[in-house]
Amino acid sequence: MAATPSVRTFTRSEILNAEALNEGKKDAEAPFLMIIDNKVYDVREFVPDHPGGSVILTHVGKDGTDVFDTFHPEAAWETLANFYVGDIAEHDRAIKGDDFAAEVRKLRSLFQSLGYYDSSKAYYAFKVSFNLCLWGLSTFIVAKWGQTSTLATIVSAAILGLFWQQCGWLAHDFLHHQVFQDRFWGDLFGAFLGGVCQGFSSSWWKDKHNTHHAAPNVHGEDPDIDTHPLLTWSEHALEMFSDVPDEELTRMWSRFMVLNQTWFYFPILSFARLSWCLQSILFVLPNGQAHKPSGARVPISLVEQLSLAMHWTWYFATMFLFIKDPVNMVIYFLVSQAVCGNLLALVFSLNHNGMPVISKEEAVDMDFFTKQIITGRDVHPGLFANWFTGGLNYQIEHHLFPSMPRHNFSKIQPAVESLCKKYGVRYHTTGMVDGTAEVFARLNEVSKAASKMGKST
């Protein structure tokens, strides 16, 4: 626990200056100050122990009231109190008036009172069981016919890719603590479904995904859109063309990728899962976070490292035990990776890609809830859409209320859309095909902007 510091009064400008000091790394012991409910907390000592990873750093030097309330249970206030260092001066305090953000907070309280944050354990037991049946079916097919049939190998690999995709959605729910109030069980199921089954590190996922939630589509902060030059989602990223003036080959390669990204979209997605798996492995290695400041590194447990080892053990064991032809082994590997990569990334793209990308400066002037809504895209519900996307077709609702179980999103969607209409906040919903077309349109717009930039230089 942090030592009890002296309590003082701060102005908001002092908090912003503290952020600038940390970014410049002028002082290794500079405080990590943030504002929550007009109180100031120095969370520097807590960062390594923060269960959600380094997402906490996204609101250093900012007002984190709504993001804290959205992500944390009541018990978190007791932990936060250990890092209290003062208050915002009375003349500089934020007032929670009867505005859009205030009404979203009221909706959250209403939904809690209606029991919409309570999960159906039977629903999730069915989802987990059904998903494990996909795994069993894939293994049965390759075990029965994998030695003699290339077609069976392809079918088995495709079903395995689908199994991994659906594991992603379930691990997402458990690690967002939508299912259990006791976070130990959420983390345990998340480690099994995400680590053993899917091959993704829970700590890596939390570090990346929670940061995305805190700063969705914010250029320079959201890791989900930090994919330049493979895929470039906004003109902001094109500034990188000028960052390497002495590396002509790098610039040429970057321009080539950006100008042709609509053609490379699906081939790139085919390797997305493999990339995320490799990132997970690197993240949990002893020096896997060496690129981060020492205070922002996430402790990795032996259990998590073992979960990834178990994943690759059963995956390769299945391949070598049941497939004898080396060519079919390669086919099995590539098809399973490509199917999962495309199925996962197609949904990720529908969620946010093609929606507004905002600068850090714009994000500072925008309330937390508006930022979640205008950068998200809902996809029309239906039996297939709800299953295929793991409930993330209710992307806006999920971002506003991330610990609400997916099976309750349909109950709250009309109220959310109505509130957005009342305040003139853009609420975008579309079909899966139209949403994918919007993604491609955005990629094409950025390619054209890059082309014009090249002609003007």
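In the predicted model, helix α7 buries Gly186, Gly190, Ala191, Leu193, Gly194, Gly195, Val196 and Cys197. The cover over these buried residues includes α5 (121-145), α6 (150-175), α8 (202-214) and α12 (302-322). Helix α7 comprises 15 residues, 183-197. The N-terminal end of α7 is capped by Asp182. A side-chain oxygen of Asp182 lies 3.0 Å from the backbone nitrogen of Phe184. After α7 comes Gly199, with a positive phi near 90°.

The strands were examined next. An open sheet is formed by four strands, in the order β1-β4-β3-β2. Its pairing is mixed. The edge positions are taken by β1 (8-10) and β2 (33-36), each of which pairs on one side only. From one strand to the next, the twist averages 40°. Strands of a sheet pair through backbone hydrogen bonds, in either a parallel or an antiparallel manner. Strands β3 (residues 39-42) and β4 (residues 84-88) run antiparallel and are joined by three bridges. Within this pair, Tyr41 stands opposite Tyr84 of β4.

Two non-glycine residues with positive phi were noted. Asp37 is not a glycine, yet its phi is positive, at about 55°. Asp37 sits in the loop between β2 and β3. Its relative accessibility is 39%, so Asp37 counts as partly exposed. Asn217, also a residue other than glycine, has a positive phi near 55°. Asn217 belongs to the loop between α8 and α9. With a relative accessible area of 1%, Asn217 is buried, because the cut-off for burial is under 20%.

A cis peptide bond links His228 to Pro229, with omega near 5°. Pro229 is placed in the loop between α8 and α9 (248-259). Asn217 is likewise in the loop between α8 and α9.

Record annotations were then compared with the model. An unreviewed UniProt entry lists residues 263-285, 306-323 and 329-350 under "transmembrane region". In the model, the span 306-323 is 94% helix and 0% strand. The end C-alpha atoms of residues 306-323 are 25 Å apart. The span 329-350 is 100% helix and 0% strand. For residues 329-350, the end C-alpha atoms lie 32 Å apart.

Methods:
Residues are numbered from 1 along each chain as its sequence is written. This is a predicted model: local features need pLDDT of at least 70, side-chain atom pairs count only at pLDDT 80 or more; totals for chains, interfaces and linings use all residues. Side-chain values use heavy atoms; hydrogens and water are left out. The expected span of a helix is 1.5 Å times one less than its number of residues. Buried means under 20% relative accessible area, exposed over 50%, partly exposed in between (1.4 Å probe, protein chains only). Contact means heavy atoms within 4.5 Å. A polar contact is a pair of N or O atoms within 3.5 Å; within protein, one must be able to donate a hydrogen and the other to accept it, and residues adjacent in sequence count only if both atoms are side-chain atoms. Two strands pair if DSSP finds at least two bridges between them. Axes are lines fitted to C-alpha atoms, for helices over the stretch in contact, and angles run from 0 to 180 degrees between N-to-C directions. UniProt positions are given in the numbering used here, feature names are shortened, and annotations may be inferred rather than shown by experiment.
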